[in-house]
Amino acid sequence: MKFELKRNCLAQVVALALCGAFVTTAHAAPTVITDGAGTAATIADAGYFSSATALGLSFMGREFVNHGTWASNWSLNANGASVGIADEVTGSNPFSASVLGSGSNVVILGSFKSGWSFLETVSIPTSGHVAVQIQLTNHTGHTANNVQWGVGFDPDQGVPAGLGFGTTNVINATGLGASVTATSLDGWSVTLHNTTSASAFTINPYVGEDCCSPVDPALMLAAAQAPGSYGFGDYSINLAYDLGSIANHNSVTFGYEYIMAVPEPETYAMLLAGLGLVGFSARRRRII
């Protein structure tokens, strides 16, 4: 996806802090998009995955969110203050937003009270993929410095199968190829993957140590987690974007994608066999 960012060379550098202030507005009915072949997402007026239906984010009949403490959460920091957080559980909606959707595409258009406009497009480009493109525009009347964006969610695809909230969480890569994957005990996986093509800013994947961790881009960028496994637990998976400076009336465009996958038949058989052996071993120890 194309990235557009115009910089003001006289911009001052300021510290960022997440204030966590919410502005809640009336909610429109959520919009369900689907490809008709097993991929579906229900989008609320704030742009996050909604729990209004069983298809908040689903693939081949398996729900991937809405079983934990929060389904999807965004934050944006600029010039030392939080611009807003959208949180499915609390119903927080920092936008005066309207939703248009049909088929496999939905568009959310809104604005923050603090002078930012927001255009989000959610689509299903192919089976198992839900793509998001964000266009963020500065209308604050001044240059915004050190703008940071965070996106993340608590994947719970093991819950419908009776396997609990835990997932195995792996950061696959950083930078332009940034992605992080969560896999349930039966092999169903979801990957949050950057699709932005420009290298003008930093992109860090992040595994939250707590499933309820807020999506704080400053924290995630500072953590600079490296590729590798971050263990099994009820954790969140996230991406943090350092967007730099955005001059007044200028925009930045970036994107990411949720990729859901089912295990290969042989992998699924091995997983079931492994779970069976674990259960047999535990039972044998009790008998002995």
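User: How many bridges join strand β2 to strand β3?
Analyst: Three bridges join them. Strand β2 covers residues 39-43, β3 covers residues 57-59, and the two run antiparallel. Strands here are DSSP runs of E with at least two residues, helices are runs of H or I with at least four, and both are numbered from the N terminus. Two strands pair if DSSP finds at least two bridges between them.

User: Where does this model come from?
Analyst: It is a predicted model: local features need pLDDT of at least 70, side-chain atom pairs count only at pLDDT 80 or more, and totals for chains, interfaces and linings use all residues. Residues are numbered from 1 along each chain as its sequence is written, and side-chain values use heavy atoms, with hydrogens and water left out.

User: Back to β3. Which residue there is the bridge partner of Thr39?
Analyst: Phe59 is the partner of Thr39.

User: In what order do the strands of that open sheet come?
Analyst: The order is β1-β2-β3-β4, with antiparallel pairing. β1 (31-34) and β4 (62-63) stand at the edges. Each has a single partner strand, so one side of each has no neighbour in the sheet.

User: Zooming out, how many helices and strands does the protein chain have?
Analyst: The chain has two helices and 18 strands.

User: What share of the residues is buried?
Analyst: Of the 288 residues in the protein chain, 49% are buried. Buried means under 20% relative accessible area, exposed means over 50%, and partly exposed lies in between (1.4 Å probe, protein chains only).

User: And what share of the contacts joins residues at least 24 apart?
Analyst: The share is 66%, counted among contacts between residues at least 6 apart in sequence. A contact means heavy atoms within 4.5 Å.

User: New topic. How many salt bridges does a search of the whole structure find?
Analyst: The search finds one. The side chains of Asp186 and Arg62 meet there, at 2.8 Å from N to O. The cut-off is a side-chain nitrogen of Lys or Arg within 4 Å of a carboxyl oxygen of Asp or Glu.

User: Which parts of the chain hold Asp186 and Arg62?
Analyst: Asp186 lies in the loop between β13 (179-183) and β14, while Arg62 is in strand β4. The pair therefore ties together parts that are 124 residues apart in sequence.

User: Is Asp186 buried or exposed?
Analyst: Asp186 counts as buried, at 4% relative accessibility. Arg62 is buried too, with a relative accessible area of 9%.

User: Which ring does Arg62 lie over?
Analyst: Arg62 lies over the face of Trp188, at 4.2 Å from the ring centre. For this, CZ of Arg or NZ of Lys must be within 6 Å of the ring centre and within 35 degrees of the ring normal.

User: In the hairpin of β13 and β14, which residue takes a positive phi?
Analyst: Gly187 does, near 95 degrees. That hairpin has five residues between the strands. Five bridges join β13 to β14, which run antiparallel. Ser179 stands opposite His193 in β14.

User: Why is β14 called largely enclosed?
Analyst: Because five of its six residues are buried. Ser189 is in β14 (residues 189-194). Ser189 is buried, with a relative accessible area of 14%. Leaving out residues up to four places away in sequence, Ser189 touches several residues, including Phe64, Gln157 and Ala261.

User: How many bridges pair β14 with β18?
Analyst: Six bridges, in the antiparallel sense. In β18, Ala261 is the bridge partner of Ser189, and Ile259 is the partner of Thr191.

User: What about β18 itself, how many of its residues are buried?
Analyst: Eight of its 11 residues are buried, so β18 is largely enclosed by the rest of the structure. β18 also pairs with strand β10 (residues 129-138), antiparallel, over nine bridges. There, Thr137 stands opposite Ser251 in β18.

User: Last topic. How many aromatic pairs does a search of the whole structure find?
Analyst: Nine. Rings of Phe, Tyr and Trp (its six-membered ring) pair if their centres lie within 6.5 Å; planes under 30 degrees apart are stacked, over 60 edge-to-face, the rest tilted. Phe49 and Tyr258 form an edge-to-face pair, 5.0 Å centre to centre with 70 degrees between the planes. Phe49 is in the loop between β2 and β3, Tyr258 is in strand β18 (residues 251-261), and they are 209 residues apart. Both are buried.

User: Which residues form the aromatic cluster?
Analyst: Phe49, Phe118, Trp149, Phe153, Phe201, Tyr241, Phe254, Tyr256 and Tyr258 form one cluster.
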